[in-house]
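Subject: Structure handover

Hello,

Please find the structure below. My notes on it follow.

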Amino acid sequence: MSATINCKEFADYFAVPVQNKMNPAYIFEVEGKPHSIEEYYLDDLGHAYHGRLPPRVLEEPVITKDIYEVAISLIQMFDDLDMKERGSKTWSGAQFVLERSSVLVFLPGLGEINYMHELLTNMVHKRLQVYPLHSSVTLEEQNNVFLSPVPGYRKIILSTNIAESSVTVPDVKYVIDFCLTRTLVCDEDTNYQSLRLSWASKTSCGQRKGRAGRVSKGYCYRLIHKDFWESSIPDHVVPEMLRCPLGSTILKVKLLDMGEPRALLATALSPPSLSDIERTILLLKEVGALAVSGQREDENPHDGELTFLGRVLAQLPVNQQLGKLIVLGHVFGCLDECLIIAAALSLKNFFAMPFRQHLDGYRNKVNFSGNSKSDCIALVEAFKTWQTCRQRGELRHPKDELDWGRLNYIQIKRIREVAELYEELKNRVSQFNMHVEPRRPVMDQEYTYKQRFILQVVLAGAFYPNYFAFGQPDEEMAVRELAGKDPKTTVVLKHIPPYGFLYYKQLQSLFRQCGQVRSIVFDGAKAFVEFSRNPTERFKTLPAVYMAIKMSQLKVSLELNVHSAEEIEGKVQGGAVSKLRSTRVNVDFQKQTVDPMQVSFNALDRSRTITDLLLTVDVTEVVEVGHFWGYRIDEKNSGILRKLTAEINRLDLLPLPVRPHPDLVCLAPFADSDKESYFRAQILYVSGNSAEVFFVDYGNRSHVDLDLLMEMPCQLLELPFQQSHEALKGLFPTSAENMAELSASSPVKDNEKYLIRVLLESFSSNKLGTPNCKALLHGPFNPYELSVIV
C-alpha cells in the first residue's frame, strides 16, 4: 500500500453494517526501522543563514530569492556537519579528502531546477557534482544520479517529485524540501489540463523525508516556517477525480450501460462535483461522443446515448481529443499520421532535451517540423524517419540505434514505447474497419504539401476550441521597437553597454548557434540583430528568429566582456569620443563595414536638405494603410531592373523540371505587361491549372498558367531581390524626422567615422587593456507575434 494513501478514508469507504452501526475496515500498520531523521524548518536555520529569513506569511506558493539563498547556505554548512559527526579528517598527500554524503533537493519544476543549478555552478572551490532529475531528462542523465561521486566531491541531486517515490539513491543523507509541487488540474473554462504550482501535501513531504536515512542518520530541511506547516500545508493531495477531466470515465460508464453517470459516480470514494459531471457531459455532446436529439421534452440534458464516435473513443486508451483526431484522420485519409500523433502525445515526448542543451534539441525539432513550426508534424516526421531507418537495416544493432538517437536528439526507449502504442491503436481501430493504407511511392510533387494541409485541418477539428491562442500583434509597437526593420528577420537586444559596437564580434558569436547574422545596428542601449535569409525564405519568419526567441524563453545567459565607458573616454582622444554614445552604428557582416548612421535630426540639423534623404518608391500593392509592397525607382535601381529584365529575356527559357509547388522560385510572365516579358517570381499557391505568383523584384502579384512558368537559371537565383516591404503604421511622411527614418544611408560626419575606426583599432590591438567587467544583456526580443500552426 502506498505511504501517501489516506487509510482512514479507505477504511470508512469499505465499512460494513454490524448491529445497526457502520464498522470501518481494519487497518494494519507495519512499522519499519529506518535510521533516525531529524526535521528542521526555517525557524531553526538562523545559524545557517546569516541574512534575513523570509517572512512567516506566504500568500501563494512561490520561491523567493531569499529561499534559494537559504538552500545554498545549507549546502555550504553540510561540510561542517559531516566533520562534526565523524570527528576526524583524512589526508591524502596535501589534499583533504572526506566522504561527503549526497544531497537531494526537491524543487517543483524544470525552471526552478535550472535556476538552482546556475547558483550551484557559480559556487567556486566547493567540489560539487550537480545532477538534474525530472521527467524530460534523458535516460543517460537519469543513470548518472546513481553513480558514486568522485572522492572528495559532494553529489547534489536537483529533482522534481519524480524522486518522491520509486527512486531510492542510497547515499542520500540530506534532503532539502521546498514543499512545492506542480499538480495537474483542469481549467473550468477550457476543460484542458495544465500543471499548476501548489503546496505539496504532508504525506508527499513525508515521502520526500524518507529518501534520507536509508544507510545512516538523515536530515530533512523544510524551507517553510513550522507554524505554516502545521496550519496551512494540506494533509493529503486532492484526488485526481476531483481535479482532472472526467471524459474517459463517463464514456466507460456509458459503454458498460450502468445507468446515469451522475448516479454511478456519486458512489465513488471521492465523488466529483455534480457541476463537473454535467459540464463534461455537455462537452462530450459538443465533441459528438454523446447524441443530442432535442426531440423529447423529458430528455435528460445531463445524459445522452453513445454515438459511433463515442463507442470508438471509449475503446481507445487516449483522451477524447486524440480519439477524435484518429477518427478524423480516417475520414480525411491521414490515419497513419494521426495514430502517430495520438501515440506520441499520450506518452512522454520522445524528443530529447538534454540539460543545458535545450537549444540544440529545439533546433532538431524545428528541422523535423519543416516550415510548419508544428510540434505534431515534427513528431510525425521524426517517427517516420526512425521507422524508415529501421526498415532499411541502418539501425540493426542497438548501438547504431542509440547513436542515431543521440545525433537526432531522440530518446530511443521512449520512441519504442510510442511505436508499441501506435501498433496497439492500429489494432483497436481495425475493429471499426479503419485501416492504415500501405505507403506507396509518391509521384506527385504536391502530395507532401497537400497532406500537410489536410493534417493541419484535421488537427484544428480535433482540438477545437483549444488548438491555439489568438493574439493580434500590435503593429505600431512592433514598428517602433524594431525601428522599421522586418520582424521576420530581426530581434532586439536591450541593456547594451555604452559603445556597444566595440563588441559586435562577441554578439555575432552569441547568435552563431541560431543562424548567420547579416547585420547589427547599435542604437543607444538597444541592438537590432538581423539574420541572413535565402531567397526561398522571403515570406517566412526565419528559423534563426525562432531560435533566438527560444534562447530568451530558456533564459540563456547573454554576457559581454566590456570596458567601462570612463576607461574608453579617458584613453581615446580625451572627451571627443563621447559623441559616439548617441550615434547609431551599423555593422554589416557581409560588407565587413562598421559605419555610423544618422536617422533623426536635432533642432540645429533640421535646416539640412530633406531631398537628400528621400527614397522614391513605386507602390505596387497596398496591404493596408501604411503597409505596402513596392520597388525603388531612383536612377540606380531602375538601371538594375532594366539590365535584369533584358538579361532574362535574352536567355533560352526552359520549362520547369519539377511540378510547380508553393515557395518555388521561377520565371513568370506579367499579365499586364505590353509584351510577353518574363520576370523573377515565387509561387504563393497552386490552384488547378494556374498559380498565383509574387514578382520578387517589383512586389506585385499575378495569376499565371502553369504551362507558362519557366525554370530560373542558377546565376539569376543568386542575385538579391529588388522589391521593398514597408510597414509604416503610425509614421507621417511630412515629418522631417520620419523622412530621415526612411533613409537607407543618411549623411554622417567624417570625424564620427574616424573616431569609430580609432576605437575599433584600439580595441582590437588591446590598447585599452583587458575588459574589466561584464554586461548582462536582456533579450532577444521580437515584438511582432510569431505565427505557429498546430
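At the start of H14, which backbone nitrogen does a side-chain oxygen of Ser 374 reach? The backbone nitrogen is that of Cys 376, and the oxygen comes to within 3.3 Å of it. A polar contact here is a pair of N or O atoms within 3.5 Å; within protein, one must be able to donate a hydrogen and the other to accept it, and residues adjacent in sequence count only if both atoms are side-chain atoms.

This is a predicted model, in which local features need pLDDT of at least 70 and side-chain atom pairs count only at pLDDT 80 or more, while totals for chains, interfaces and linings use all residues. Residues are numbered from 1 along each chain as its sequence is written, and side-chain values use heavy atoms, with hydrogens and water left out.

Helix H14

Buried residues of H14 include Leu 379, Ala 382, Phe 383 and Trp 386 (buried means under 20% relative accessible area, exposed over 50%, partly exposed in between, with a 1.4 Å probe and protein chains only). Among the elements covering them are H12, H13, H15, H16 and H17. Just after H14, Gly 393 takes a positive phi of about 85 degrees.

The cores

The largest nonpolar core has 59 residues, and Phe 350, Phe 383 and Leu 425 have the most contacts inside it (such a core is a set of buried Ala, Val, Leu, Ile, Met, Phe, Trp, Tyr and Cys residues joined through side-chain atoms within 4.5 Å). H14 gives the most to this core, with 9 residues. A second, separate core of 46 residues includes Tyr 362, Leu 510, Val 545 and Leu 759. Not counting residues up to four places away in sequence, Phe 350 touches Leu 379, Ala 382 and Phe 383, among others (contact means heavy atoms within 4.5 Å).

Arg 211

Arg 211 lies in the loop between helix H5 (202-209) and strand E12 (218-222). Arg 211 is buried because its relative accessible area is 8%. Leaving aside neighbours within four places in sequence, its contacts include Leu 104, Phe 106, Glu 164 and Ser 165.

Regards

Terms used:
Helix = DSSP H or I, 4+ residues; strand = E, 2+ residues; numbered from the N terminus.
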